[in-house]
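Subject: Structure handover

Hello,

Here is the structure for you to take over. Please open it alongside this message.

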Amino acid sequence: MADTTLATTHGGATPETQIPPAAARTILALDLGTTTGWALRAADGLITSGTVSLKPSRYDGGGMRYLRFTNWLTEIDRLSGPIATIWFEEVRRHAGTDASHVYGGLMATLTAWAELRGIPYAGVPVGTIKRHATGKGNAPKQAMIDAARDRGFSPADDNEADAIAILLWAIETQGGVQ
């Protein structure tokens with residue numbers, strides 16, 4: 001039998017880790033779009049939320065929306081992070097071609113940004129989020145806003161309400177495990 005290559009200083013095989021418990025990790029939830037809704041649970045448990053406008057000005061090039069999004073993600077990570085996990089609304093059907101293109105570009109930007117930093121990310125289907133928040137998988141926008149308000153939040157619009165719902169789903173189901 002070969003000798004072990006694992007050097008231990010004590011009888012146990014469990015190494016000491018620096019991974020904080022799940023409750024002490026920063027989670028970011030996003031509803032991607034021209035007006036991106038976001039909700040963040042910081043390591044101290046504080047939940048904040050809002051929206052960020054990624055609408056380009058008339059003088060912007062086609063990629064400026066995505067550069068602004070990258071810079072925004074980096075700033076959120078710097079100020080509130082490190083971000084441990086990112087959850088986003090996984091949209092399978094869009095009302096229009098432009099919305100579909102914007103969503104795809106933002107998702108590509110987000111996933112590339114997360115991959116570069118080793119941050120796990122996953123999409124949550126729209127119906128799953130709506131069902132968790134309201135009990136109905138096809139709930140209208142106002143029902144999502146009302147559900148967030150019923151939980152003590154004050155969303156400015158449906159984008160922020162969706163991000164709050166994604167965050168609460170991730171926390172309460174441990175990312176769909178329960």
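My notes on it follow, starting with the conventions.

This is a predicted model, with local features needing pLDDT of at least 70, side-chain atom pairs counted only at pLDDT 80 or more, and totals for chains, interfaces and linings using all residues. Residues are numbered from 1 along each chain as its sequence is written, and side-chain values use heavy atoms, with hydrogens and water left out.

**Overview**

The chain has five helices and five strands. Both kinds of element are DSSP runs numbered from the N terminus: helices are H or I with at least four residues, strands are E with at least two. From the N terminus, the order is β-β-β-α-β-α-β-α-α-α. Of the 178 residues, 37% count as buried. Buried means under 20% relative accessible area, exposed means over 50%, and partly exposed is in between (1.4 Å probe, protein chains only). The accessible surface comes to about 10500 Å², and 53% of that belongs to carbon and sulfur atoms. Those areas come from the Shrake-Rupley method with a 1.4 Å probe; for residues, only the protein chains shown count as cover. Contact means heavy atoms within 4.5 Å. Among contacts with a separation of 6 or more, 55% are between residues 24 or more positions apart.

**The sheet**

Five strands form an open sheet in the order E3-E2-E1-E4-E5, with mixed pairing. Strands E3 (47-53) and E5 (121-125) are at the edges with a single partner strand each, so one side of each has no neighbour in the sheet. The twist averages 20° from one strand to the next. Two strands count as paired if DSSP finds at least two bridges between them.

E1 (residues 26-31) and E2 (residues 35-41) are antiparallel, over five bridges. A hairpin of three residues joins E1 to E2. Across this pair, Ile27 stands opposite Arg41, and Asp31 has Gly37 as its bridge partner.

On the other pairing of E1, five bridges join it to E4, and the two run parallel. Here Leu28 is partnered by Ile86, and Leu30 by Phe88. E4 and E5 are also joined by five bridges and run parallel. Trp87 stands opposite Ala122 in E5.

How buried is E1? Six of its six residues are buried, so the strand is largely enclosed by the rest of the structure. Thr26, Leu28 and Leu30 point one way, while Ile27, Ala29 and Asp31 point the other way.

**Helices on the sheet**

Helix H2 (residues 97-117) lies across E1, E2, E4 and E5, at about 160° to E4. Angles run from 0 to 180 degrees between N-to-C directions, with axes fitted as lines to C-alpha atoms, for helices over the stretch in contact.

**Cores**

A nonpolar core here is a set of buried Ala, Val, Leu, Ile, Met, Phe, Trp, Tyr and Cys residues joined through side-chain atoms within 4.5 Å. The largest has 24 residues, and Leu30, Phe69 and Ile86 have the most contacts inside it. E1, E2, H1, E4 and H2 each give two or more residues to this core. H2 gives the most, with six residues. Leaving aside neighbours within four places in sequence, Ile86 is in contact with residues including Leu28, Leu30, Leu110, Trp113 and Tyr121. A second, separate core has 19 residues, among them Ala29, Ala148, Ile164 and Ala170.

**Salt bridges**

There are four salt bridges. The rule is a side-chain nitrogen of Lys or Arg within 4 Å of a carboxyl oxygen of Asp or Glu.

- Glu75 and Arg78 meet at 2.6 Å, N to O. Both lie in helix H1, three residues apart, about one turn of the helix. Glu75 is partly exposed at 34% relative accessibility; Arg78 is exposed at 56%.
- Lys141 and Asp158 have their closest N and O atoms 3.8 Å apart. Lys141 is in H4 (residues 141-150) and Asp158 in H5 (residues 158-172), so the pair ties together parts 17 residues apart in sequence. Lys141 is exposed at 55%, whereas Asp158 is buried at 18%.
- Arg151 and Glu172 meet at 2.2 Å, N to O. Arg151 is in the loop between H4 and H5 and Glu172 is in H5, 21 residues apart. Arg151 is partly exposed at 46%, as is Glu172 at 31%.

Best wishes
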